[in-house]
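Me: I have a structure open and would like to learn how to read it. Could you walk me through a few features?

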Amino acid sequence: MNRFGSPSEDHQPLTWFRGYPVYVTHVIMATYVASMIVTSVLMAANVAAVFNWLRFDSALVFKGQVWRFLSYGLWNPPSINFAINMLFLTIYGREVEKFFGRATFVRFYVLLYLMTPVAFSIFGIWWPMGWAGETGALAVFVAFATLFPGVEMMFGVLAKWAAYILVGIYTLMWLSSHNNPALISLWATVGFAYLFVRHQQDSFSLPDVPMFRRKTHLRVLRDDEVEVTSVAKTSRSDAMAEVDALLDKIATSGIGSLTNAERAKLDRARDDLKKRDSTRR
């Protein structure tokens with residue numbers, strides 16, 4: 001019903017497992033964990049050829065190997081950093097999904113997943129870049145912090161300040177180690193996450209491209225249609241004026257000052273407003 005946070009089917013779990021709700025976030029996390037296990041087995045078997053075919057490489061993409069836009073995130077060696085990323089993704093991704101709904105969250109995460117290879121392809125025109133492994137867990141937390149900036153985290157730190165601190169620390173880490181690919185991936189993902197949430201909150205709108213604008217077909221109304229429309233508008237304006245007068249009377253003399261006829265008129269106006277809201281939804 002409402003755009004955000006409504007109890008509609010889109011905001012419900014994808015399924016249930018032994019009484020526990022399963023969201024799309026859990027499916028994404030499980031896919032990454034499975035890829036980490038497979039990666040570990042392949043590394044133990046000294047099979048490096050798979051890594052060479054999965055990782056993103058801007059130079060090879062320009063030669064036609066476009067599958068690397070999707071395969072780069074499937075190579076995940078086991079590490080503490082990977083475990084922390086999965087924790088961030090599961091906890092905060094679930095809250096973002098609950099808020100936006102399943103369809104919007106899937107669109108958000110697909111675009112987020114593509115941010116790193118798209119940014120690398122742009123910079124790859126001048127400097128060839130490569131990457132392998134999951135990206136975007138911190139960006140999911142940034143999306144959460146943008147939605148709920150006042151939520152208290154560990155030690156009472158607000159979510160928005162925790163996001164600032166984490167992004168700042170990682171930025172300094174990659175700058176000091178001259179890890180340009182990691183820095184570009186960081187800012188491409190967190191920047192997209194912030195802008196996506198702000199756009200969904202109607203804080204700004206995307207530019208209107210004239211060539212994609214739908215044409216509005218105008219139709220000349222008949223005289224009887226013009227008359228009916230003008231009469232309807234006049235009756236609605238008269239009804240609203242009467243309601244305004246009744247509200248003024250309540251404000252000055254209290255609701256007990258209304259007569260039975262005036263109460264009935266106010267109830268009809270309220271019911272009419274509810275019907276309009278339900279038809280708009």
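This is a predicted model: local features need pLDDT of at least 70, side-chain atom pairs count only at pLDDT 80 or more; totals for chains, interfaces and linings use all residues.

Me: How many of the residues of helix α7 (residues 137–147) are buried?

Reply: Residues are numbered from 1 along each chain as its sequence is written, and side-chain values use heavy atoms, leaving out hydrogens and water. Buried means under 20% relative accessible area (1.4 Å probe, protein chains only). Helices are DSSP runs of H or I with at least four residues, and strands are E runs of at least two, numbered from the N terminus. In α7, 11 of the 11 residues are buried, so the rest of the structure largely encloses this helix.

Me: What covers the buried residues of α7?

Reply: The cover includes α5 (80–100), α6, α8 (159–176) and α9 (180–200). Among the buried residues of α7 are Phe141 and Phe144.

Me: What span should helix α6 (residues 102–123) have?

Reply: The expected span is 1.5 Å times one less than the number of residues. For the 22 residues of α6 that gives 32 Å, and the end C-alpha atoms are 32 Å apart, which agrees.

Me: Where does the kink in α6 lie?

Reply: A bend is the angle between axes fitted to the seven residues ending at a residue and the seven starting there. In α6, a kink of about 35° lies at Met115, shortly before the proline Pro117. Pro117 is one of the buried residues of α6.

Me: And how many helices and strands does the protein chain have?

Reply: The protein chain has 11 helices and 4 strands, and buried residues make up 32% of its 281 residues.

Definitions and conventions. Buried means under 20% relative accessible area, exposed over 50%, partly exposed in between (1.4 Å probe, protein chains only). Contact means heavy atoms within 4.5 Å.
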